[in-house]
Protein chains: 2
Amino acid sequence: MSGDERSTAATQDSEEATAALAADGVQTVGNARPGGRTARTRAAVHKAVRELIEQNGETAPSILEVAARSGVHAATIYRRWRTPEALLLDVAVETVNEVSPIPVTGDLRADLTAYTHNLVTSTRRPGGLGFLNAMLTAARNPEIGPTGIQELVAPRLSHFQRMLDASGATELTPLDLFGLVLAPVYLGAMIGALPQAPDQTDREVAEIVDNVIAVRLYRSSPC
Amino acid sequence: MSGDERSTAATQDSEEATAALAADGVQTVGNARPGGRTARTRAAVHKAVRELIEQNGETAPSILEVAARSGVHAATIYRRWRTPEALLLDVAVETVNEVSPIPVTGDLRADLTAYTHNLVTSTRRPGGLGFLNAMLTAARNPEIGPTGIQELVAPRLSHFQRMLDASGATELTPLDLFGLVLAPVYLGAMIGALPQAPDQTDREVAEIVDNVIAVRLYRSSPC
DNA sequence: ATGCTAACGCGAATTGTGTTGCATTTTAGA
DNA sequence: TCTAAAATGCAACACAATTCGCGTTAGCAT
């Protein structure tokens, strides 16, 4: 958040998708004015949401709570985000893009290990399942639909593609990584299967990465 | 639902877990009386929930809607299930146990293929993501906690264990299947990555099963 | 069959959530 | 600087969700 008030500048190429969906409540009919006060209230609301999540753990904050904490009037929040789910999704997407970079060094195992370790750690934090929940809610929302979800996911998938390209892993697709890394980590966290001790985290991460390697090997030569 | 009114008889060993958590609103202080009318209203409510899900797709029904449709008074539903989430979870767990059997023939690939195919198909139905959502909500509920979730999942895991035992796949654990099969299918359905054409389903299923085989081979001999 | 009481139905009361009209402030452009 | 309109604050409002008290029904044990 630093000193700059304009929090509109999120991360990399995922911004359009975020703006297109999450903050869809905005009336951009005439000439929009995203600067100044608008950015300021947006930042205040986001900040309040993050703090509330930090406090309350997995219990999602209501719009009324966010309004009280941020000092922004509830009607304003309703007008801009429409529903608590949309607000949470907006914050979640922005947070993920800030917090979970996808490394591209050319060493597949190293990249995957770094990314997975980061992912596992983040799912343990209070509200760590918030992103999954926000995505799932969006996926179940008929207003958004499959197309909308894919727009949200697309930038992450393309980053995975870069990681794979850099290491020459042509046997794998971004969707494979999604299924072999993201999916088990999130659902593992969900059923509380992830180890709590930090030293066991490394073993868990290594196992997941090994699975990816195993699939890659199997596809290149089904011995 | 057949002719029998007592829907209390669910499936296999997952019943205790269901009763212990989902229907926790029941006052079992004195001498309980789960038969007769109680079972009848429970059946009516469950039936209404299923029908509403079938109609409305992914949009979760409210308690008021369920009350209207089932003919059971809303206050009664509130008293027994406390929240819509608990009700949905109750129905979801029961449905899964009825709809998704875990085959045990001794042939790992065959068992996995049958199970996965069933799973993929069920996630496509209206409300197919309802179970995932119900579990996730439960996982995020502090009242339930990690212990509660594990109780819900335990019976399924033990079934997976039987499947693995029968085929001598000692390299794999039930959690592996959870991470390699359940997780990717659910999250794949979530981001709309699953193919829609029925003939592509087989390819998708085969790919997932192959992944499991690959991991098993890799662990038995990391060539 | 008879009594005890859990479970239910009913309707009112309460709370919480989301909407709308209007005055005021603030932004972006002329 | 000045102006049109976008964004916000405010308060009243409409509506849905949840709880409560109380009388009635119906399992279950005796």
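**Close-up views of a two-chain predicted model**

**View 1. A salt bridge links B:R140 to A:E58.** The closest N and O atoms of the pair are 3.0 Å apart. A salt bridge here is a side-chain nitrogen of Lys or Arg within 4 Å of a carboxyl oxygen of Asp or Glu. Between chain B and chain A the count is 4 salt bridges. This is a predicted model: local features need pLDDT of at least 70, side-chain atom pairs count only at pLDDT 80 or more, and totals for chains, interfaces and linings use all residues. Residues are numbered from 1 along each chain as its sequence is written, chains are lettered from A and ligands numbered from 1 in the order in which they are written, and side-chain values use heavy atoms, with hydrogens and water left out.

**View 2. Chain B meets chain A.** Each chain's share of the contact (heavy atoms within 4.5 Å) is 39 residues from chain B and 39 residues from chain A. About 3,500 Å² is buried between them, 69% of it from carbon and sulfur atoms. Buried area is the accessible area (1.4 Å probe) that two parts lose on being put together, summed over both. In chain B, B:R140, B:M190 and B:I191 lose the most area to chain A, together 21% of what that side buries.

**View 3. A:R109 pairs with A:D210 in a salt bridge.** Their closest N and O atoms are 3.1 Å apart. A:R109 sits in helix α6 (residues 108-124) of chain A and A:D210 in helix α10 (residues 198-220) of chain A, so the pair ties together parts 101 residues apart in sequence. Helices (H or I, at least four residues) are DSSP runs, numbered from the N terminus. A:R109 is partly exposed, at 37% relative accessible area. A:D210 is also partly exposed, at 24%. Buried means under 20% relative accessible area, exposed over 50%, partly exposed in between (1.4 Å probe, protein chains only).

**View 4. A:E171 forms a salt bridge with A:R216.** The closest N and O atoms are 2.9 Å apart. A:E171 lies in the loop between α8 (145-166) and α9 (174-190) of chain A, and A:R216 in helix α10 of chain A, so the pair ties together parts 45 residues apart in sequence. A:E171 is partly exposed, at 24%. A:R216 is partly exposed, at 22%.

**View 5. B:E51 forms a salt bridge with B:R69.** Here the closest N and O atoms are 2.8 Å apart. B:E51 lies in helix α2 (residues 37-56) of chain B and B:R69 in helix α3 (residues 63-70) of chain B, so parts 18 residues apart in sequence are tied together.

Methods
Helix = DSSP H or I, 4+ residues; strand = E, 2+ residues; numbered from the N terminus.
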